[in-house]
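These are my notebook entries on a structure that I looked up. I record each entry in the order in which I consulted it.

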Amino acid sequence: MISGTTQVLGVIGDPIAHTSSPAMHNAALAALGLDFLYSPFHVEPAELSQALAGMRALEIAGLNVTVPHKQAVMDYLDEISEEARVIGAVNTICNRDGRLLGYNTDAFGIIQSLRVDGGMEELPPRVALLGAGGAARAILYALLAQEEVEEILLLNRTVDKAETLADDLGGEGRVVVGSLAEVGGIEDIGLLINSTALGMHPHEETSPLEAPACLHERMLVADIVYNPLQTVLMRQAEDAGARSINGLGMLAWQGARSFEIWTGVQPPVMAMVDAALEQFERAGA
Ligand code: ATR
């Protein structure tokens, strides 16, 4: 029940109506009986500084930050974690006694999803990462932090963007840049991660792989897309005998990490996944 002591969490973005974060977080808060609520806030870019001033004034305990504010919001924070600084984006703000602290939980989200949802205790030595946008930045950062990953093939339609990303994140020769068109010919990869928009609504009939020759039964294919829940790429993986996961796990695990930062409590992640699925069904109805 909302009372005089209830603390407020939320998500800011533009647009915001499609977000599944309120469903996920409110489900976890209810399951644990915590005295918080989580609300969506529509914030246009021109209103961002006022929104952050409002966060301080209203003593909002925590916010998730989504498109298009993940970079711009950094100007209004008191501290930014090393991870968020290197990735160059903040998706979580925690209000600690009036100080706004910025974090990025996407890197945690992908690794945790690969390990828990993908069943990979250890990541393989060779990984292919498709795409070089905002999501790829966090994923490349996360992969570089895993010592067992020796080589990352970073393939993008616009090769220049992949080169810039690889240069920004360093990686001491562990990142090999190439064109997305080369993906069919790559060999010996144990993990392929798609962070491109190919396969995502409204492009659900597309796949980053024209010929699935690089797929084999000892690998995992991780698509960060969750709309649709099964992409063409995931079907190609299945046909080749490979395991595949969608982006729902990454979404839930990054949210779980934000939740823990705000409340100090680990949330029930499966309840968050179920709430997100219900939300998708309602949105599709
Ligand atoms: P996100 O934050 O989800 O990563 P983004 O920053 O807009 O979104 O990045 C989109 C990614 O999808 C990029 O890697 C983009 O490739 P380019 O850098 O060449 O634009 C990729 N992408 C989008 N549409 C694509 C298409 N039709 N074919 C191949 N790649 C595409």
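I began with a definition: a polar contact is a pair of N or O atoms within 3.5 Å; within protein, one must be able to donate a hydrogen and the other to accept it, and residues adjacent in sequence count only if both atoms are side-chain atoms.

I noted that this is a predicted model, in which local features need pLDDT of at least 70 and side-chain atom pairs count only at pLDDT 80 or more, while totals for chains, interfaces and linings use all residues. Residues are numbered from 1 along each chain as its sequence is written, and side-chain values use heavy atoms, with hydrogens and water left out.

**Entry 1: the ligand**

An oxygen atom of the ligand lies 3.2 Å from a polar backbone atom of A197. For A135, I found a polar backbone atom 2.9 Å from a ligand oxygen. At K161, an N or O atom of the side chain is 3.0 Å from an oxygen of the ligand. Taken alone, the ligand exposes 640 Å², and the protein buries 65% of that (accessible areas come from the Shrake-Rupley method with a 1.4 Å probe; for residues, only the protein chains shown count as cover).

**Entry 2: the chain**

I then turned to the protein chain, which has nine helices and twelve strands. These are DSSP runs, numbered from the N terminus: helices are H or I with at least four residues, strands are E with at least two. The C-alpha atoms fill a box of roughly 60 × 40 × 35 Å along the principal axes. Of the 285 residues, 50% are buried (buried means under 20% relative accessible area, exposed over 50%, partly exposed in between, with a 1.4 Å probe and protein chains only).

**Entry 3: S113**

I found S113 in helix α4, residues 106-117. Is S113 buried or exposed? It counts as buried, because its relative accessibility is 2%. Leaving aside neighbours within four places in sequence, S113 is in contact with G118, I245, G249, M250 and W253 (contact means heavy atoms within 4.5 Å).

**Entry 4: H25**

I located H25 in helix α1, residues 21-32. H25 is buried, with a relative accessible area of 1%. Not counting residues up to four places away in sequence, H25 touches Y38, N64, G255, F259, W262 and M272. I also recorded that H25 and G118 are 93 residues apart in sequence and 23 Å apart in space, C-alpha to C-alpha.
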